[in-house]
Amino acid sequence: MKLMMSTQPEVKRIEELRSLLQQAGYAYYVLDAPIMEDTVYDRLYRELQELETQYPELITPDSPTQRVGERPATHFTSVRHNIPLYSLENAFNIEELQSWDQRWRRHAPSQYNPGEIEYVSELKIDGAALALTYENGFLVRGATRGDGVMGEDITQNVRTIRSIPLRLNFDGLDNIAKVEIRGEVFLPLQVFKDINQKRQKAGEQVFANPRNAVAGTLRQLDSRIVAQRQLDFFAYTLHITGLDDSSIANTQWEALELLQRLGFRIDTNHKLCNSIAEVVEYYQYWDTERLNSPYMTDGVVVKLNTFKLQEQLGFTQKFPRWAIALKYPAEEAPTRVEKITVNVGRTGALTPLAEMFPVQLAGTTVSRATLHNSDRIEQLDIRIGDTVIVRKAGEIIPEVVRVIKELRPADTQPFIMPSHCPVCGQLVVRETGEAVTRCVNASCAAILKGEIEHWVSRDALDIKGMGEKLVHQLVDKGLVHSVADLYDLTESSLCVLERMGQKLAEKLVNAIAQSKNQPWPRVLYGLGIRHVGSVNAQLLTEKFTTVETLTAAKQSDIEGVYGIGFQIAQSVHQWFRTPANQTLISRLQAIGLQLANSAAPPTIGEINQKLAGKTFVVTGTLPTLKRDEAKALIQKAGGKVTESVSKKTDFLVVGADAGSKLDKAQNLGISQLSEAQLLTILAE
């Protein structure tokens, strides 16, 4: 490549571009408040790239173009931390937190004022600790925790994390020569899910949890892979060398504000507490709210706010006396598999389940976990008697993460999926290209129970009082053989069931009768056609406004509906071509179910792009729409839907039990809409 000598205009333009891109990166990744469009950023970035290609002598380590390494590293070098990276003492309940509070007070100097004590409570992000060193404002080293004294130099990988500045914002802080930043590298949950989906499609082993994914990513020798993983970073501690910290920040609270000024992201959910009681309130609030967080958190870090008191208290051999981590109940736990059973669902899918010795997990007792399918069983190589690790990371149904084969009993045998349905005894099948084994006997009692449970569910016909136990009784006693039979039930026929009195029977008959008024989209969803969810049902019924038009439709016509792909179209087409299903539709029409659209709010297909450029968050339980349905309406109208509230959010759609997202929106002055207001905007 022929090198060109730079001239003053090129030098000035390169410096200008770097400044603009660094400001934009800070606004986007740290402040969550973009100052330019992505297309503008990309154009400026490309211009800088081209200039640096022409004048390579002007490339500097802090340039935005230098975030991704060119060549894989051959190994990582061990480095000594300038300041030991201590881990925190753990407390596993409020009593242990209170004991810590009493301990540090015994070591506190006699002149401290107990009434002036403040605590800073911060969410404990579930990721990997990182130590960053900056000299004269430039990032010179990024190191893992290691054993707290020695870590690994992973600077090349750290440079790919966009929320870590390559050059600090030293506006007004020119006297800082060297600074060390401590923080946590993490993976947002949505990014983690996307990574695992890609790995699964590629036939690669999925990561067990975001923390493992982060640890594995940081130690990648090829920094280009690290860049693709979209790691994120929250800073929480700074140490300034050669300068009294108190001249800039006297407290942890002030330090967090300073970290933001320097160009770092911090977790904005921290809170200043005046007592341990307030710390406990914060901990208890996040015990449930953390399930709505876009990242994993496994506890709360509690620190004494004043640096002077921190310094006076010092450290034990292992931990700082002035901080502690109050952990939430474990989301992963070991237990033993006592047996493996197979459940049959409404679509005939055979789902293996691990029946385990009961274990406490995320605040609940867990004794069963899904094994998904035969491929998953083979991948885990799980057997009866195995010791396994079970996870419940915010999921409703726990799952087995891995088997500890070192603890496997000598006489165990591999588990083999049954060749016949465990309920009806009919031969099961596994279609080409599918991981699921199915019973295809339409008369199977398990399939019928599942179909009825789906039909009466809240998102379908919403028949109040018709729970799982009652459905099983109805099928087992031969009172229903299809969903249509529910409408033939009488008070006298129901009274033969266990724990069924006259009043309850009367309520059920009325609830079943009222379900006839549910609209056509709910009825279609309630039919339980494979791959047809509530949103797809809404889309289909907008195009095919009556059951007759949908029954007569060609597969290509169905596939032509916006949002409906080949697989869904094929499933719907085949369902309506099946004679038994045609008989069911005829019965439902005769009963009086709504199998055609009536006057209703605007459909998804009628809405134009009036919400283009607007960002929405949907929270709480809406009166008639599911969250997915509300999101689909917004997206169809050109709006963007995100999971968390930020300064970029334009509207918060609020339902019942909205929680912290509503509080944050109110604090940020974000407009709120009810479901009715949203539909009105779309209808105008």
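Which residue follows α13 with a positive phi? That's Gly-478, with phi near 75°. Bear in mind that this is a predicted model: local features need pLDDT of at least 70, side-chain atom pairs count only at pLDDT 80 or more, and totals for chains, interfaces and linings use all residues. Residues are numbered from 1 along each chain as its sequence is written, and side-chain values use heavy atoms, with hydrogens and water left out.

**Confidence**
- The chain has a mean pLDDT of 83 (the predictor's confidence in each residue, from 0 to 100), and 88% of its residues reach 70 or more.
- Residues 68-74 have pLDDT below 50, and this stretch has 16 contacts (heavy atoms within 4.5 Å) beyond near neighbours in sequence.
- For residues 600-607, pLDDT stays under 50 too, and the model has 16 contacts beyond four places in sequence there.

- Asp-488 sits in the loop between α13 and α14, and its C-alpha is 9.2 Å from that of Val-509, 21 residues apart along the chain.
- The Asp-488 side chain makes a polar contact with the side chain of Arg-587 at 3.0 Å; such a contact is a pair of N or O atoms within 3.5 Å, where within protein one must be able to donate a hydrogen and the other to accept it, and residues adjacent in sequence count only if both atoms are side-chain atoms.

**Helices α20 and α21**
- α20 (residues 566-577) and α21 (residues 579-591) pack at about 75°, with axes 5 Å apart; axes are lines fitted to C-alpha atoms, for helices over the stretch in contact, and angles run from 0 to 180 degrees between N-to-C directions.
- That makes α20 and α21 roughly perpendicular (65 to 115 degrees).
- On the α20 side the contact uses Trp-575, Phe-576 and Arg-577, and on the α21 side Pro-579, Asn-581, Gln-582, Leu-584 and Ile-585.

**Gln-426**
- Gln-426 is in the loop between β16 (399-403) and β17 (428-429), and is partly exposed at 43% relative accessible area.
- Leaving out residues up to four places away in sequence, Gln-426 touches His-420, Cys-421 and Asn-441.
- The C-alpha atoms of Gln-426 and Asn-441 are 6.8 Å apart.

Conventions. Helix = DSSP H or I, 4+ residues; strand = E, 2+ residues; numbered from the N terminus. Parallel < 35°, antiparallel > 145°, perpendicular 65-115°, else oblique. Buried < 20%, exposed > 50% of the residue type's maximum accessible area, 1.4 Å probe, protein only.
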